[in-house]
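I opened my notebook today to get to know a new structure. Here it is, so that we can look together.

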Amino acid sequence: MSGGEFHGKPLLQVEHLRKYYPFTKGVLLAKTLGQVKAVDDVSFAIEAGETLGLVGESGCGKTTTSKLILNLEEPSDGRVLLHGKPIHGLAGAALREYRARVQAVFQDPWSSLNPRMTIGRTIAESLIVTGWGNRAAIAERVGELLDQVGLRRDQITQYPHEFSGGQRQRIALASALASQPQLIVLDEPVSALDVSIRAQMMNLLKDIQARSNVAYLLVAHDLATVRHMADYTAVMYLGKIVEYGPTQALFDNVTHPYTKALFSAVLPPRPDRREEEIVLAGEVPSPLNPPSGCRFHTRCPFAMAQCSREEPPLRELAPGHLAACHLLTA
C-alpha cells in the first residue's frame, strides 16, 4: 500500500519497510534465538504539505518506523525515499542535507534541549553547522523563528529551565524549523502538555504547515490529536498497518476490528450513533513470535478459522481507504 497511488506524487515514500532485531541470550557466547519483528512490511507515502497520523498501541512499531525515516536506524529490508531517492546509505554532505530536510520534534522537549545553552544558541546551532550566513543573518533568522512559534525575541538569552513545558515545545519546534525542513516527524508532540495548551500547539503546527507547506508524520496514541491534525491516518498493530485512509473517512467508517476496539476505548461515544464497545481479550503477542495468519486473530472477537491460517492483504474498500481483514470479504 502506498499513499502515492491515491493522491499524487509523494514527498516521502516508504516501501515494504522491515526492521528485525536479533534476540540473543548470553554475553560472551551470545546465541541468537530469533528476531523481534518490530516493523514488518510497512508501506505508505506522504505528500508535501500533508500530515499522516500513525497510531496504535505501545510496541506496535510506530517509533521504530519514525527512527527508520529519520535515518537513525538501518532497515532489515525495504526502502525509504525522499523525492524518489533512497535515504539509507547516505554519507557526508548528502547525509547532512537529509538531516536538514527531515527534522523531528519529540514528546519531551526537556530531553532535546541542552540546559546549558541559551535558546538562541540552541535554535542557531543547525544554522551554524549548515553555514546559513554570517552572525547577523543567523541572529535575524533566530528572531524570525521565535516570532513564528509565538515567543518573544528578547527571550533569546534565556535558558530552557526558564520556560514552561508548552514554551519549551515551541523552542524545540523553532529549532526543527531552522533548516527549513520539508518533513518533520512529530513524536507525541502534545501528549506531555497540559490539556489547555494542547490545542494552542496543534493550531500552531497547522498554521506553520499552511505557511511553509511542510509535511508532518504525526506519531501519536491520542486519537483526538490525530483527528484534528492528520489528512491521512495509518493504524498499526504488531508491526503492520491494518487500516489506512483519509482521516475523516476512516474515523466516520472504521472497518478493522482492531481499529474499532482502539477507537471505542479511547474516543468518547457519539450521541448520534449506537456503537458497541469492543473489549479485547489478552495481551498484545510478542513481536518475537507473532501469531500466524492475521496477527490480530488471537484477540479478535470475530476471528474465523481462516484468520489463523492466512494473512489478510490490505484491500481498498473505498477510494484511498484500505483495511486488512478477512471479515471484509467473508
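My entries on a helix, a lysine and a strand follow.

**Ground rules.** I am working with a predicted model, where local features need pLDDT of at least 70, side-chain atom pairs count only at pLDDT 80 or more, and totals for chains, interfaces and linings use all residues. Residues are numbered from 1 along each chain as its sequence is written, and side-chain values use heavy atoms, with hydrogens and water left out.

**Helix α4.** I looked up α4, residues 119-129; helices are DSSP runs of H or I with at least four residues, strands runs of E with at least two, numbered from the N terminus. Its buried residues are I119, G120, T122, I123, A124 and L127, buried being under 20% relative accessible area with a 1.4 Å probe, protein chains only. They pack against α5 (135-148) and α6 (165-177). Just after α4, I found G131 with a positive phi of about 65°.

**K240.** Is K240 buried or exposed? I noted it as buried, because its relative accessibility is 13%. K240 sits in strand β10, residues 240-246. Its side chain makes a polar contact of 2.9 Å with that of E311 (a pair of N or O atoms within 3.5 Å; within protein, one must be able to donate a hydrogen and the other to accept it, and residues adjacent in sequence count only if both atoms are side-chain atoms). A polar atom of the K240 side chain also lies 3.2 Å from the backbone oxygen of D40.

**Strand β6.** In β6 (residues 102-105), I found V102 and A104 buried on one side and Q103 and V105 buried on the other.

Definitions and conventions
Buried < 20%, exposed > 50% of the residue type's maximum accessible area, 1.4 Å probe, protein only. Contact = heavy atoms within 4.5 Å.
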